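Hello,

Here is the structure we talked about, with some notes below it. Please look through the model first and then read on.

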Amino acid sequence: MEAIYEIVPINEDTYRIEEAGVRFFLLEGKKEALLIDSGMMVRNAKEIAEGITKLPLKLLNTHGDIDHIGSNREFPSFYMNPAEASNYYKTQGRSGKIDPVWDGDVIDLGDRPLKIIAIPGHTPGSIAVLDIKNRMLFSGDPVQDGNIYMFGVQREFHAYLLSLKKLEGYRSQFDEIYPSHGSCPISPDLIPALYEAGEKILNGELKGERAEVHGCPVILADAGAAGFFCDIPDSGRTS
């Protein structure tokens, strides 16, 4: 079945591509274009992007979960935090060459510098992308108003809260957040709300209800600002 998607302009050089509950983004500079993630069901994100831009195109993955790497094999290499390599190669069973990006690195598309911010917790190598001149933050999965996956061996709630605190330090540098799921855009005010909710989950104030995700029993903690799919406390794992 052919994947259904919609291209939505954000401004004259920024686009979001929406498909089945997940989105990815195309950013154009003066010299190059960058695809942030490559979709879930689509297998032709490069073709889609090249139908929008004529600039040389590169790919960056916010992390290696399956719904962000659907078209990675279209690209000879892709930007990714190397801390995500185990998730990408072992957990997801994918191949391809990582062009490493580290916390604080800047990718310049030509008068459009993009700063990489490492935000581990949702996955070990999750990153956000700060579009410095346009004051936009592309957050991947960790900052959104949908349901955030925080169950399983690669998720770590303590690291997640530290990453939220780190992003809070950047709040003066962006006006809106563009996440991969949920509403888009969202306010930076969501960051402290997620932090408060995460603290309540860790200290046991917010218990949640049993649920199931892809056949896996979990706890869904509805924090209002977002939901969190968490490990079941008696399962022998920690959130």
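Which residues does S38 touch, leaving aside those up to four places away in sequence? They are F24, A45, L59, N61, H68, I69, G70, S71 and N72. Please bear in mind that this is a predicted model.

S38 sits in the loop between β4 (33-36) and α1 (45-50). Its relative accessibility is 0%, so S38 counts as buried. With N72 there is also a polar contact, side chain to side chain, of 2.7 Å.

The next item is helix α3. This helix takes in residues 157-168, twelve residues, and spans 17 Å from first C-alpha to last, close to the 16 Å expected at 1.5 Å a residue. Its buried residues are F157, Y160, L161, S163, L164 and L167. They lie on the same side of α3, because the arc they cover around the axis is only 160 degrees. L162 and K165, on the other side of α3, are exposed. The cover over the buried residues includes strands β9 (113-118), β10 (127-131), β11 (136-140), β12 (147-150) and β16 (227-230), as well as helix α4 (190-202). At the start of α3, a side-chain oxygen of E156 comes to within 2.7 Å of the backbone nitrogen of H158.

The largest pocket holds about 500 Å³ of space. It is lined by 24 residues, of which D65, D67, Y149, R155 and H214 are the closest to its centre. β12 gives the most to this lining, with three residues.

Regards

Notes. Residues numbered from 1 in each chain as written. Predicted model: local features only at pLDDT ≥ 70, side-chain atom pairs only at ≥ 80, totals over all residues. Heavy atoms only, no water. Helix = DSSP H or I, 4+ residues; strand = E, 2+ residues; numbered from the N terminus. Expected span 1.5 Å × (residues − 1). Buried < 20%, exposed > 50% of the residue type's maximum accessible area, 1.4 Å probe, protein only. Arc of directions from axis to C-beta. Contact = heavy atoms within 4.5 Å. Polar contact = N/O pair within 3.5 Å; in protein donor to acceptor, adjacent residues only side chain to side chain. 1 Å grid on protein atoms, 1.4 Å probe; cavity = no way out; pocket = protein on both sides within 12 Å on 5 of 7 lines; lining within 4 Å. Points joined across faces, edges and corners; volume = space filled by probe spheres on them.
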